[in-house]
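User: I have a structure to go through with you. Could you take my questions as they come?
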Amino acid sequence: MSSTTNSAPAKRRSISYAKWGYFFIAPFVLVFIVCTFIPLVSTFYNSLFENYKEGLTVVGPNFVGFDNFVKLFTPRADGRLEILNYTVNTMTMWIMGAIPQIVFALLLAVIFTSERLKIKGQGFFKTVIYMPNLIMASAFAMLFFQIFSDVGPINQIITANGDKAFLFFNNEWSAKSIIAFINFLMWFGNTTILLMAGIMGIDQSLFEAASIDGANSSQVFFKITLPLLMPILIYVVITALIGGLQMFDVPQIITNGTGNPDQTTKTLVMALNGQINGNTRNFGMAGALSVILFIITGILSFIVFRSTEPKKEGKKK
Amino acid sequence: MKKRIMASLLAAACVLSVASCGGNNAATTTTTAAPAANNDTAAATTTEAAPAANNDATTEAPATEAPATDAAPAADEGDTFNIYAWNEEFKGFFEKYQPGYDAATQTLDGVKVVWTINPSADLVYQTKLDEALMANADAAPADKVDLFLAEADYILKYTDSDFTMDISQLGLSQVDTEYQYTVDAASDSNGKIKGVSFQCCPSGLIYRRSIAKAVLGTDDPDEVQAQLDSWEKYDAVAAKAKEQGYYMHAAYAETYRVFSNNATGPWVSGGTLSIPSVVEDWTNQAKTYYDNGYILDTLPGIWDDGKNAEMFNTGKTMCFFGPAWYFNFCMGNAQDPDNGCYGDWAVIKGPQAHFWGGTWMLAATGTDNPTLVAKVMKAFTEDESVCEQLIKNEGQFTNNKNVNQKFAEDPNYGNAFLGGQNDVAVFAGMTDSIVWQNATIYDQACNEGYQDCIKGYIDGSIDKDTALQNFYSKIREQYPSVTTP
Amino acid sequence: MANASVNKRNGQMEYFDKTKTTSLLVSRIVSYIFLVFVTVLSLFSFYLLIINASRSNAQLQAGFSLLPREHFIDNLVTAWNDTSIFFLPQGILNSFIVSAITCILTAYFSAMTAYGICVYDFKGNKAIHKFIILVMMIPTQVSALGFIQLVNQFNLTNTYWPLVIPAIAAPATYFYMKQYIDSTLPLEIVEAARVDGSNEFRTFNFICLPILKPALAVQMIFAFVGSWNNFFTPALIISKKELMTLPIMLSIVRSRIGSQAGDMGEVYMIILLAIVPVVIVYLFLSKFIIGGVTLGSVKG
């Protein structure tokens, strides 16, 4: 059964079981290499080629060096740099959704874990808050499109008073807000569960000590809960960030793939999708976009890691 | 609405199968029909509609089907007949009217018919079709694409390639009952004919009779046409309609095809994109109409709920533009038994003759059922009894001049949805003015992309240049080789 | 004098307790209001879906309403009999197979990997951990292109292998499991098992895995839901109707909207039917969420 032969002697360990480590991580590593690493490399490799479909004719693959990147970073005639726009759109909508998501999740986690409040019916509330996550993103997009559409209920109320209908999806900020709100609604329950787990992991004696010292609840939260929750909070922020950078279904369906108004709801992955799917099959450009997405993710994750500077890894076993 | 069509379709299919195969297996067909016809209105309509269809089917079927059953299945034919389509429309026609088709076994002359239907939205249909066509040479016989459908906006992509067959290789040639533009559309750049259409799609102005009466004082098609036969007159009536609280048309892109399908120049020539002057004209019209409040201020697209809601009896819109297929395909709300306004419509030529859409049948290179492909193509263009039923039961305008003419001249023919008006006569009068010109493989991307991107300019939220830049970038995304201004 | 002072002190104490209980009462009321608000927010979408699934296409187009209508069964029949998506129950079954395998593989192998990293001190241990964290940050879409090409090369289109195998390497789940093992799994148990002569793999499966149950349950829910609602990868890999998962079927029915064949009532019915199984799975596993999963720096 030992798939990896390795004779690395176990140091500092009472028993020499180290080689078992390789056995345990082998499936993960193997699958990762085949399913993610090789595709990743080939995607990056693709970015150096001109390779697309025009009508039924396949153009390329021809090696073009960094031409695809140059094209992506060339502003269009009116000076707009679209790739930058898509990045900013993605980040803006993510932040607009992630802030309430984390705030709500923190509040809920504190309420649920509070010894003092002793909330009744916790089981029900905890069960319910995760439920929006069970609905497909596309279904949410359709529901909210219906609610805010030109002939939807909100506009029925507006026009009933004789006012002109407000076109929520023709206005940059209302469109972005709706998309961000859907993301918030879908994910705050998920985040709550993770944060709750984190708070319950904090040593109860710390809270007791704090209350003996006369700390009020906000002091407890900011001085004890939050700092000790940091590792989990970083995990939450990073996973949310990755989810946010992948934002696709909701804006794609709500704007019917257009990214209207004026490209302000078009995200990076929508742009990527425009290259992979449909008539174009532009592997070169899609590869280049993927590289950029990868770099952006890397930079942002680094910033999150740095700005929240995790405490030392604890004791290593 | 959809149910009613389904119910009558299935009912007709039932009776047909009873008529043609002596009732064996009719029971299974009936069980599938039953759940669809579960609502009272649908059932009632079925009983009215079905006999008309049945009589024709039973009386005419033997004439057409007798030779078909005689003809033994060609020995060299593959045993699966694969048809690619983007909706169920043609499948319905095929299953009801194709001579030699056995609904019980789903076979045509003993060959199993397999449909691959993918939605046209997000280009899913073309993506899957392209993959299949490119692999057709090496595909297993059961997977080979034999026949596929294509629409006007992208037909050139297929005809102007080696993935489609010259119909002369199938033993077919142009017949003079076909409309010339449908042949031109199916021809490649060397003039080789690659397919046939079962529809001719002259598109007219469809107006709401009651609103026309209120605005123009008449709902008589000839008199209405006299008041709307140029864009100047159309503009004047639009102003009048507005005064009385009506909209001239609903969607901002309602008239787009009237302009774009009379294009004086191509979208892309010599690899460079330029906006045809007629599209500029349309843009100006759409902007003026929006600014003047002649159209819905919510600016719905032509397929959106907001526009479709205008076809309910509560609608305030006078004009829609569309061909014969529009009645059944897009005007479901108008035909709704509760909230619709069935019979309150009429069709005229309007300010400018044009065509819109249309479905062509193309033979895939590598087909292993060439005889059957030819048979189907022939049936839907040359077989007069098939064409007659397409008009009578399906509200189509066929690609057979003789049959259309027969209905156009028939004083007893009338379309109840249009208050008994003879729509075939109206469409037949427009066919000579339709031209197929300046088509490019980029048309679909350009037509759809332009309507989408220009919207921001029309509602005033962005300037025209930004809107155009958005459009150009969309085209560059889809066609990297095209140079944009 | 003394009495008075005692009284005064008592009064103060009473006052103190009172403010304390009042403020507790206020925070309780505020908490409940907040919870009710969040509950309404969470369930509103479900209510809308049920309402919409009970309305016909024409009713849906005619306008919005908060009241259910009579077409629930009609829509159910239409969805059930829709041959353009093959057969809806088959789609539910397909989605279930893919999601169930995915969630089991994700949970099991992530736990296994995390266990390997936490329990054994082998060469490259830390490097691999850091590497996995880095991997976690790669969005699926980035490697999608190469992944599809790979799938094509191995002729695995229209099979479920490319949908379930990658679940073995789920970095985010691994990270969570590692945090959990670090905080809740005493190494002494492992060593005790060794003393008893248990094989390492057996120790993991029969002694340690049960301890990880709450965390496994949470991650299984996440993985199940994620796979159940995944459209991006399956849409690129599955084109055979009989293999389609629910999100693909939904996209087909939804794409007909705007034409005669479009039926919003059917669309909402499919969405609703798609939610039922996942809600059942969720409710089955949710006791672990309610019970709470302890995670963090506390040591056992």
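User: How is chain C divided?
Analyst: Chain C is split into domain 1 (2-53) and domain 2 (77-291), with bounds that come from an automatic or database domain assignment. This is a predicted model, in which local features need pLDDT of at least 70 and side-chain atom pairs count only at pLDDT 80 or more, while totals for chains, interfaces and linings use all residues. Residues are numbered from 1 along each chain as its sequence is written, and chains are lettered from A in the order in which they are written.
User: How many residues does each domain put into the contact between them?
Analyst: Domain 1 of chain C gives four residues and domain 2 of chain C gives five, where a contact means C-beta atoms, placed from the backbone, within 7 Å. The C-alpha centres of the two domains lie 40 Å apart.
User: Switching topic, what does chain A bring to its contact with chain C?
Analyst: Chain A brings 87 residues, and chain C brings 79. Helix H1 (residues 19-46) of chain A gives the most to chain A's side, with 18 residues; helices here are DSSP runs of H or I with at least four residues, numbered from the N terminus.
User: And is helix H11 of chain A buried or exposed?
Analyst: Helix H11 (residues 268-276) of chain A is mostly covered, as nine of its nine residues are buried, among them A:Met270 and A:Asn273. Buried means that 20 or more other C-beta atoms, placed from the backbone, lie within 10 Å of the residue's own.
User: What share of chain B is buried?
Analyst: Of the 485 residues in chain B, 54% are buried.

Methods. Buried ≥ 20, exposed ≤ 12 C-beta atoms within 10 Å, placed from the backbone. Helix = DSSP H or I, 4+ residues; strand = E, 2+ residues; numbered from the N terminus. Contact = placed C-beta atoms within 7 Å.
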